[in-house]
Amino acid sequence: ADTERTFVMVKPDGVQRGLIGDIVSRFEDRGLKMVAGKFMQIDQDLAEEHYGEHADKPFFDGLVDFITSGPVFAMVWEGQDATRQVRAMMGETDPAESAPGTIRGDYGLDLGRNVIHGSDHEDEGANEREIALFFDEEELVDWDQIDESWLYE
Ligand code: DAT
Ligand code: MG
């Protein structure tokens with residue numbers, strides 16, 4: 001699989017519950033490389049654009065209210081097959097259906113409070129679109145991780 005970048009965000013519930021550090025650690029431990037991160041408040045326009053694919057769903061207004069209800073920690077992570085691997089580490093959309101050991105399966109109980117967002121690996125280009133929506137090009141840091149030769153053959 002190719003090296004790629006994916007967009008990940010600790011949602012307002014994860015921030016309030018003090019889960020940023022744990023979530024970052026999980027991706028670091030996996031060997032993924034952080035190339036951007038910022039603590040920020042999402043405004044209405046950004047929320048509506050980010051979740052645009054769900055605009056006609058009954059849960060849309062509640063979703064936008066939730067994601068704008070407090071600060072989030074937005075990140076970009078890079079690695080081999082990163083988008084799909086992050087989704088696997090997150091678990092299912094519904095924490096109640098997520099296996100223990102996954103982020104949603106360890107920290108969530110309710111669909112509307114599922115702690116983390118990650119780009120959809122089944123939606124071609126979603127990772128790059130979401131990265132561009134949240135970060136300017138100059139916010140993405142190009143750097144060498146010292147353990148790269150021990151992570152990849
Ligand atoms: P995911 O976040 O796993 O990519 P999604 O893109 O289908 O899931 O939906 C975006 C978010 O919307 C999801 O994290 C939680 C919320 N959501 C999805 N389906 C929902 C539903 N049926 N009722 C309430 N909220 C829902
Ligand atoms: Mg999605």
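Tutor: Quick definition to start: helices (H or I, at least four residues) and strands (E, at least two) are DSSP runs, numbered from the N terminus. The model is predicted, so local features need pLDDT of at least 70 and side-chain atom pairs count only at pLDDT 80 or more, while totals for chains, interfaces and linings use all residues. Residues are numbered from 1 along each chain as its sequence is written, with chains lettered from A and ligands numbered from 1 in the order in which they are written.

Student: OK, where does V115 lie?

Tutor: V115 is in the loop that links α6 (103-107) to β4 (116-118). Its phi is positive, near 75 degrees, and V115 is not a glycine.

Student: Is V115 buried or exposed?

Tutor: Buried: V115 has 23 other C-beta atoms within 10 Å. The cut-offs are 20 or more other C-beta atoms within 10 Å for buried, 12 or fewer for exposed, and partly exposed in between, with C-beta atoms placed from the backbone.

Student: And which loop holds D81?

Tutor: D81 sits between β3 (72-80) and α5 (82-90). D81 also has a positive phi, about 60 degrees, without being a glycine. D81 counts as partly exposed because it has 14 C-beta neighbours inside 10 Å.

Student: Switching topic: how does β1 pair with β3?

Tutor: Antiparallel, over 8 bridges; strands count as paired if DSSP finds at least two bridges between them. One of the bridges joins T3 to Q80 in β3. β1 also runs antiparallel to β4, through 3 bridges, and M9 has H117 as its partner there.

Student: Why is β1 largely enclosed?

Tutor: Because 6 of its 8 residues are buried.

Student: Which residues touch the most other members of the largest nonpolar core?

Tutor: V8, M9, V10, M75, W77 and I116, out of 25 residues. Such a core is a set of buried Ala, Val, Leu, Ile, Met, Phe, Trp, Tyr and Cys residues joined through C-beta atoms within 7 Å. β3 gives the most to this core, with 6 residues.

Student: Last one: which residues are around ligand 1?

Tutor: H54, F59, L63, T93, L111, G112, N114, H117 and D120, where near means a C-beta atom, placed from the backbone, within 6 Å of the molecule. That shell splits into 3 nonpolar, 5 polar and 1 charged. Ala, Val, Leu, Ile, Met, Phe, Trp, Tyr, Cys and Pro count as nonpolar, Asp, Glu, Lys and Arg as charged, and the others, Gly among them, as polar.
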